[in-house]
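Here are my notes on the model you sent over, point by point. Have the structure open while you read.

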Amino acid sequence: MARNWGFKVPKEAKLAKNLDEVFNYINYWDSHRHQLPYETDGVVVKVNSFQYQDELGYTAKSPRWAIAYKFKSEQVSTKLLSISYQVGRTGAITPVANLEPVQLAGTIVKRASLHNADQIEKLDIRIGDTVYVEKGGEIIPKIIAVDLSKRDTTTQPTIYITHCPECHHELIRGTDEANHYCPNFYGCPPQIIGRIQHFISRKAMNIDGLGGETVALLYNNGLIHNYADLYELKIEQILPLERMAQKSAENLIRGIENSKQISFESVLFALGIRYVGETVAKKLAKYYKNIDSLQHATLLDLMLVDEIGERIAASVVSFFENIENKEIINRLKAHGIQFEIKEKVNLNATNKLKGQIFVVSGVFSNFSREELKQLIEDNGGKVGSSISSKTNYVVAGENMGPAKLDKANQLGISILSENEFVSLLE
């Protein structure tokens with residue numbers, strides 16, 4: 001249909017009627033993919049029904065009705081010339097292999113990830129070795145093995161660095177950690193720049209007109225030292241910088257100003273607290289409602305939040321105990337950053353469903369599934385993602401999945417129709 005309307009849909013796309021046709025398609029392109037005018041690392045298989053797509057739903061990061069089948073990666077051998085070490089925004093050290101340039105999956109590869117000290121030791125990787133390289137998911141090059149038959153007998157085992165390559169602070173490594181870390185959180189330039197780059201990113205503060213290279217430029221010119229400094233920048237400070245004209249400077253300042261409207265959960269993610277990703281930030285924001293309540297939460301308080309474990313809780317407590325972090329947050333508050341959830345007030349909200357867990361499944365006549373879920377939460381209930389022994393009710397619409405229906409019956413869970421659910425509320 002989309003192709004008939006003039007959209008550029010790949011002519012290789014195909015509607016498969018059963019799993020045999022799906023696997024035949026996969027096997028065909030596994031051997032013919034190099035004939036395509038572009039690189040590909042696999043085949044995406046999707047459910048071809050809006051109804052079933054709605055029934056299957058989504059995880060936090062991807063749809064449940066689509067899955068990618070990855071082809072086996074192409075491998076080549078080349079020489080390891082040297083090993084360098086990169087510092088991430090959390091202080092994690094990543095060793096990088098510098099390779100003799102080699103053609104791999106359509107590109108020239110010069111560098112590959114070595115992951116961590118354990119991986120180097122496991123593969124016994126040494127400078128001067130001939131190594132086998134492949135692209136993980138056809139994108140990121142990585143070393144998977146060493147050709148020991150070509151090893152020079154004079155090579156020495158790789159000794160992992162003990163000090164940060166940027167600030168020269170001694171590295172640390174936790175007993176349960178794979179990576180070494182530079183603990184100089186507030187004095188190591190790559191960590192500072194990395195945190196600010198994370199702060200401005202699309203899923204965080206989403207600051208238009210400000211990119212990663214500009215952040216590094218601002219930091220290296222002494223204009224910013226943390227992300228709170230962004231809100232004190234002036235156009236006249238920015239204009240003398242390389243590749244910065246009047247219009248781009250104005251756009252940058254406007255983007256910073258507009259970021260003051262970004263919601264609390266995104267701001268919390270933007271702060272760059274270790275282990276607090278997008279999903280965890282949303283959970284914490286929803287539970288604590290504002291930054292002050294979160295700041296005063298104890299380790300035990302945090303661990304009582306759904307899906308928050310000890311590691312995340314300890315990281316949050318540690319972040320808010322730091323004096324510099326407190327000062328930065330106070331400055332951000334003064335600049336008008338959103339540090340509390342702006343909740344929509346439902347005047348009809350009740351506690352009728354308090355303590356009850358519902359699973360919503362199927363297609364409904366008078367409500368969308370999201371509207372039903374909102375009704376449950378507005379009346380004190382909790383919405384579960386899957387049926388379990390803890391589920392109290394299943395609200396079932398048309399075309400509810402037979403597997404879910406069987407499981408609900410096996411567990412003796414009450415199944416409500418759309419009208420029965422409305423009656424329960426009334």
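1. Where is Phe320 found? Phe320 is in helix H12, residues 310-321; helices here are DSSP runs of H or I with at least four residues, strands are runs of E with at least two, and both are numbered from the N terminus. At 4% relative accessibility, Phe320 is buried. For these labels, buried is under 20% relative accessible area, exposed is over 50% and partly exposed is in between, with a 1.4 Å probe and protein chains only. Setting aside residues up to four places away in sequence, Phe320 touches Ile273, Ile291, Leu294, Gln295, Lys326 and Ile329, where contact means heavy atoms within 4.5 Å. Phe339 is 19 residues from Phe320 in sequence, and their C-alpha atoms are 14 Å apart.

2. A word on ground rules. This is a predicted model, so local features need pLDDT of at least 70 and side-chain atom pairs count only at pLDDT 80 or more, while totals for chains, interfaces and linings use all residues. Residues are numbered from 1 along each chain as its sequence is written, and side-chain values use heavy atoms, with hydrogens and water left out.

3. Now the overall picture. The chain has 16 helices and 11 strands, and 39% of its 426 residues count as buried. Its C-alpha atoms fill a box of roughly 80 × 60 × 50 Å along the principal axes. Of the contacts with a separation of 6 or more, 56% are between residues 24 or more positions apart.

4. On to the rings: how many aromatic pairs does a search of the whole structure find? The search turns up 12. Rings of Phe, Tyr and Trp (its six-membered ring) pair if their centres lie within 6.5 Å; planes under 30 degrees apart are stacked, over 60 edge-to-face and the rest tilted. Tyr58 and Trp65 make an edge-to-face pair, 6.1 Å centre to centre with 85 degrees between the planes. Tyr58 is exposed at 54% relative accessible area, whereas Trp65 is buried at 13%.

5. Why does the pair of Tyr85 and Tyr160 count as edge-to-face? Their ring centres are 5.2 Å apart and their planes are at 80 degrees, so the pair gets that label. This pair links distant parts of the chain, 75 residues apart: Tyr85 is in strand E3 (residues 75-87), and Tyr160 is in the loop between strand E7 (140-146) and helix H4 (189-200). Tyr85 is buried at 14%, and Tyr160 is buried at 13%. Elsewhere, Tyr25, Tyr28 and Trp29 form one aromatic cluster.

6. Two arginines sit over rings. Arg195 lies over the face of Phe185, 3.8 Å from the ring centre, and the charged end of Arg311 is over the ring of Tyr275, 4.1 Å from its centre. The criterion is NZ of Lys or CZ of Arg within 6 Å of the ring centre and within 35 degrees of the ring normal.

7. Check the backbone at two spots. Most residues other than glycine have a negative phi. His115 has a positive phi of about 70 degrees; it lies in the loop between strand E5 (107-113) and helix H3 (117-123) and is partly exposed at 35%. Lys289 also has a positive phi of about 70 degrees. Lys289 is in the loop between helix H9 (278-288) and helix H10 (291-295), and is partly exposed at 33%.

8. Last, the second largest pocket and a strand that helps line it. The pocket is lined by 34 residues, and Ala13, Lys14, Leu15, Val44 and Lys46 lie nearest its centre. A pocket here is an open set of points on a 1 Å grid over the protein atoms alone, where a 1.4 Å probe fits, with protein on both sides within 12 Å along at least five of seven lines; lining residues have an atom within 4 Å of a point. Helix H1 (19-32), strand E1 (42-46), helix H2 (50-56) and strand E2 (66-70) each supply at least two lining residues, and E1 gives the most, with five. Ile67 is found in strand E2 and is exposed at 60%. Beyond its neighbours within four places in sequence, Ile67 is in contact with Val43, Val44 and Val45.
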